[in-house]
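Reader: I would like to learn how to read a protein model. Please take me through one, feature by feature.

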Amino acid sequence: MKNFLQSGFFLFCVIVQIACFRSDAFGEQYYSVPEMRASRVNAMLDSLVRTTYVQPDRFYSERTASGGDVFPEEFIPQFTDSVYVSRIAGLARKSRFNLVYNQHVKGFIRVYAVDKRKAVSKVLGLTSIYFPLFEEKLREYNIPPEMKYLPIVESALNSTAVSRAGARGLWQFMSGTGRMYGLQTSSFIEDRYDPTKATVAACEHLNDLYDMFGDWFLVLAAYNAGAGNVRKAIRKAGGARDFWEIFPYLPQETRGYVPAFIAVNYVMNFYSDHNIKSVEPSYRYSETERVPVRTALTFEQLHETIGVPMEDLAFLNPQYTAGLIPSPESVPNMIRLNRRHAQMFRDKERDIYAYRPELVAEKERQYAMARSTECQKEVVSQSRRSGRKVHVVRQGGSLSKIARRYGCSVSQLISWNNLKSSTLKPGQKLVVFKSVSGDRG
């Protein structure tokens, strides 16, 4: 009898699904999405599945977030357009984004809720690690909380994601943009992989873009295509400052960017209705903490003294690409550990630093050689700059805005001016070495 009821329920689900597909309101089963953006979204979701730390025998446990199984596991619910319209309208009423439903959005809902649903299960699990961090920083910068969904579009929450163009990390910074916001890229440290530093840089970048365009959808378009391409699209659209009006004039990939963002907003709020279950990580953001490292330290030392799994060290601290936390130049470098290991680190800190010093000595030697080479390249780069310029800080000026204007990095501004604080005052004068190619932005 139980098997009969289960079979009957499954048959009912199939009939409902077919009815949805045949509904006049639903229209065709498949809708094309901008090919380049759909391809990139698929590539990021696929890369997440292949990443070692999300394999079931490594980082993930077998817990699921749903309270019970409403549908058979293999069943994929479908809904009519009217359902999507109603649900997204409900999200829009609580949002600073003008969330809408159209066929472009519908195509990406299919990508996330049907084609790549298994990867989305892992993304849902990763939200418990990264969303608390995103939400905290977005509040600090007065950015809409829905912006926490942007890294899902960008990287599928894969902290070491690399795009074909060379963008890296959760927020997919290109190296030049990253440098403008103080993100270091070297042989041993990749700050674009650092969840905390990259999130702060993203917030600064997003606020700078909002200062330019005053519309969050245009901010998203500029985040993807660059401010210059958005300005060009606005001019071609006769000065319109609405994403959907400038849509035809944007690069092809960027046309799918906002629809993908809206689709992620939808799926992250209604995944259970689509029979998608969250595969949970074995610990969450609230169960980890950052601790200062006051001298050079290697992952091997932490692993061999207090038993931190190497996979956890690499996952929680992807910015240390060679497994070395270098000696700090001014403020201590930070490392993220689960709470149990963080307490063990504090209890045994001296012993950990003293354990097998040859481990850190060899990596420090390699690090010093790499830094020397990189510094020489920086000197060559500086020699190609000309025109020492004095910039007078205006009201609302920030290091990130000035760095973007002159095509330099925040760290260079700090170095050139021997700054002790990132706080600037109107009228303050800064020395800037202008790029030969001229100002940007």
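Author: Helices (H or I, at least four residues) and strands (E, at least two) are DSSP runs, numbered from the N terminus. The model is predicted: local features need pLDDT of at least 70, side-chain atom pairs count only at pLDDT 80 or more, and totals for chains, interfaces and linings use all residues. Residues are numbered from 1 along each chain as its sequence is written, and side-chain values use heavy atoms, with hydrogens and water left out.

Reader: How many helices and strands does the protein chain have?

Author: The protein chain has 20 helices and eight strands.

Reader: What share of the protein chain is buried?

Author: Of the 441 residues, 50% are buried. The accessible surface comes to about 21200 Å², and 51% of that belongs to carbon and sulfur atoms. Such areas come from the Shrake-Rupley method with a 1.4 Å probe; for residues, only the protein chains shown count as cover.

Reader: How do I read contacts?

Author: Contact means heavy atoms within 4.5 Å. Among contacts in the protein chain with a separation of 6 or more, 73% are between residues 24 or more positions apart. Take Lys-137, in helix 5 (residues 117–140). Setting aside neighbours within four places in sequence, Lys-137 touches Thr-199, Val-200 and Cys-203. Lys-137 counts as buried because its relative accessibility is 13%.

Reader: How many salt bridges does the structure hold?

Author: First, the rule. A salt bridge is a side-chain nitrogen of Lys or Arg within 4 Å of a carboxyl oxygen of Asp or Glu. The structure holds 19 of them. One joins Lys-106 and Asp-81, with the closest N and O atoms 2.8 Å apart. This pair links distant parts of the chain: Lys-106 is in helix 4 (residues 103–115) and Asp-81 in helix 3 (residues 81–93), 25 residues apart. Lys-106 is buried at 6% relative accessible area, and Asp-81 is buried at 13%.

Reader: Which parts does the salt bridge between Glu-300 and Lys-363 tie together?

Author: In this pair, the closest N and O atoms are 3.5 Å apart. Glu-300 lies in helix 14 (residues 299–306) and Lys-363 in helix 18 (residues 357–383), so the bridge ties together parts 63 residues apart in sequence. Glu-300 is partly exposed at 23% relative accessibility, whereas Lys-363 is buried at 17% relative accessible area. Elsewhere, salt bridges that share partners join Arg-40, Glu-154 and Glu-253 into one network.

Reader: What about Lys-197 and Asp-191?

Author: They form a salt bridge, with the closest N and O atoms 3.6 Å apart. Lys-197 is partly exposed at 38% relative accessibility. Asp-191 is buried at 3% relative accessible area.

Key:
Buried means under 20% relative accessible area, exposed over 50%, partly exposed in between (1.4 Å probe, protein chains only).
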